[in-house]
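Subject: Structure handover

Hello,

Here is the structure for your files. My notes on it follow below.

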Amino acid sequence: MRRHRHSQLGNSEYLQKIILFFLIGFFVGAVFYYFFQHSFEGIRKQLEDNLALWSQEGKDGSSMFVKSFWQHGKYLLLFGVFSLSVLKGVYPKVFVCYTGLRNGFLLLFFLYAKGAFGFVIYFVSLFPQALLFVPLYLSLFRIVKENRQDKHKLTRWFGIVFVFIAACLLEVKVNLPLMEALL
């Protein structure tokens, strides 16, 4: 009983650390964009052009799936490489900070580009694939942190691959049409 409670407490503390790293990255990304927004005029124009191109390309689902798979797959590949190295404890924190930084940057980008409607665009840009990606990465972080031998290892990795592909499909089949409707 005591061991189970300690395990829950450890997971709770670990989750709190992950949330803290994300929020730090998020606020740093937002502040960074706010203070240097004039330096990003070219990038902002390029992102706006990419948004327009993205809504046009949304018609071809297979190429968008490949792009989504590759974009998210790079992070999984890096995660796999670093989980086999000495940096396996550092990479999740760096990844979460980077994700927070990117999201803080994107939120302010959408706010400056679209005004208050940018909040809606930002949250819609995360839905529904984030509902699968967030638990996927949290479970991967936990697997690496615990580093235990499991007799259901193959089943676990099959589930991870399945959830990853489902999240990429949701991004293409649900998120792209939602974003297209908003833009």
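Where is the place of F35? F35 is in helix α1, helices being DSSP runs of H or I with at least four residues, numbered from the N terminus.

This is a predicted model, in which local features need pLDDT of at least 70 and side-chain atom pairs count only at pLDDT 80 or more, while totals for chains, interfaces and linings use all residues. Residues are numbered from 1 along each chain as its sequence is written, and side-chain values use heavy atoms, without hydrogens and water.

F35 counts as exposed because its relative accessibility is 58%; exposed means over 50% relative accessible area and buried under 20%, with partly exposed in between (1.4 Å probe, protein chains only). A nonpolar patch on the surface is formed by V31, F32, Y34, F35, F36 and Y112. Helix α1 (residues 2-35) gives the most to this patch, four residues.

The largest nonpolar core has 19 residues, and F95, F133, Y137, L140 and F141 have the most contacts inside it. Two or more residues come from each of α1, α3 (61-83), α4 (91-114), α6 (130-146) and α7 (153-182). Helix α6 gives the most to this core, with seven residues.

N103 lies in helix α4 and counts as buried, because its relative accessibility is 7%. Not counting residues up to four places away in sequence, N103 touches F22, F26, Y122 and L126, where contact means heavy atoms within 4.5 Å.

Regards

How values were computed: Patches are made of residues with over 30% relative accessible area and no salt bridge: like charges are joined within 9 Å, nonpolar side chains (Val, Leu, Ile, Met, Phe, Trp, Tyr) within 5 Å. Accessible areas come from the Shrake-Rupley method with a 1.4 Å probe; for residues, only the protein chains shown count as cover. A salt bridge is a side-chain nitrogen of Lys or Arg within 4 Å of a carboxyl oxygen of Asp or Glu. A nonpolar core is a set of buried Ala, Val, Leu, Ile, Met, Phe, Trp, Tyr and Cys residues joined through side-chain atoms within 4.5 Å.
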